[in-house]
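Here's a quick briefing on how this fold goes together. Take a look at the model first, then read on.

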Amino acid sequence: MHIICHVDIYRAIADRTRRAILDELVDRSGQSLFELCGRLIMKHGISSSRQAISQHLDVLEAAGLIRTRREGRSKLHWFVGAPLKAIGERWPISTDEDTSNPTEEGIEE
């Protein structure tokens with residue numbers, strides 16, 4: 001297990017904009033920066049600059065959560081879920097979880 005990689009994944013998914021980018025790539029793979037910016041504005045109310053979104057994409061790519069490919073002048077982006085599997089393996093969901101207190105306080109989304 002490579003701890004540095006996990007730290008990158010946690011840092012990558014800690015940001016609201018990056019989570020929205022991942023949501024959009026899960027919904028529709030192979031998007032360009034221009035397409036992602038439009039969808040982030042329309043669906044999430046995130047109106048960051050293309051440069052800011054590009055920097056978010058760089059973080060996600062460095063964490064292994066997206067892959068990119070150049071097609072002509074465009075760079076297209078795809079979601080890669082495999083790195084998230086390590087989180088589930090580290091803290092597996094138990095079938096005997098205590099469900100007596102269904103609310104969790106202090107969790108920010």
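Let's start with the strands: E2 and E3 (residues 74-79) pair antiparallel over six bridges. Keep in mind that this is a predicted model.

**Helix H3 against helix H4**
- H3 (residues 33-44) packs on H4 (residues 50-62) at an angle of about 105 degrees, and their axes are 10 Å apart.
- Angles of 65 to 115 degrees count as roughly perpendicular, so H3 is roughly perpendicular to H4.
- H3 brings Leu 33, Leu 36, Cys 37 and Leu 40 to the contact, while H4 brings Arg 50, Ile 53, Ser 54 and Leu 57.
- By type, the residues of this contact are six nonpolar, one polar and one charged.

**The nonpolar core**
- The largest nonpolar core has 18 residues, and Ile 21, Leu 60 and Leu 65 are the ones touching the most other members.
- Helices H1 (3-14), H2 (16-27), H3 and H4 each put at least two residues into this core.
- Beyond its neighbours within four places in sequence, Leu 60 contacts Ala 12, Arg 18, Ile 21, Leu 22, Leu 65 and Ile 66.
- As background, nonpolar side chains tend to be buried together in soluble globular proteins.

Methods. Residues numbered from 1 in each chain as written. Predicted model: local features only at pLDDT ≥ 70, side-chain atom pairs only at ≥ 80, totals over all residues. Heavy atoms only, no water. Axes fitted to C-alpha atoms, helices over the stretch in contact; angles between N-to-C directions. Helix = DSSP H or I, 4+ residues; strand = E, 2+ residues; numbered from the N terminus. Parallel < 35°, antiparallel > 145°, perpendicular 65-115°, else oblique. Contact = heavy atoms within 4.5 Å. Nonpolar A, V, L, I, M, F, W, Y, C, P; charged D, E, K, R; others polar. Core = buried A, V, L, I, M, F, W, Y, C linked by side-chain atoms within 4.5 Å. Buried < 20%, exposed > 50% of the residue type's maximum accessible area, 1.4 Å probe, protein only. Pairing = 2+ DSSP bridges.
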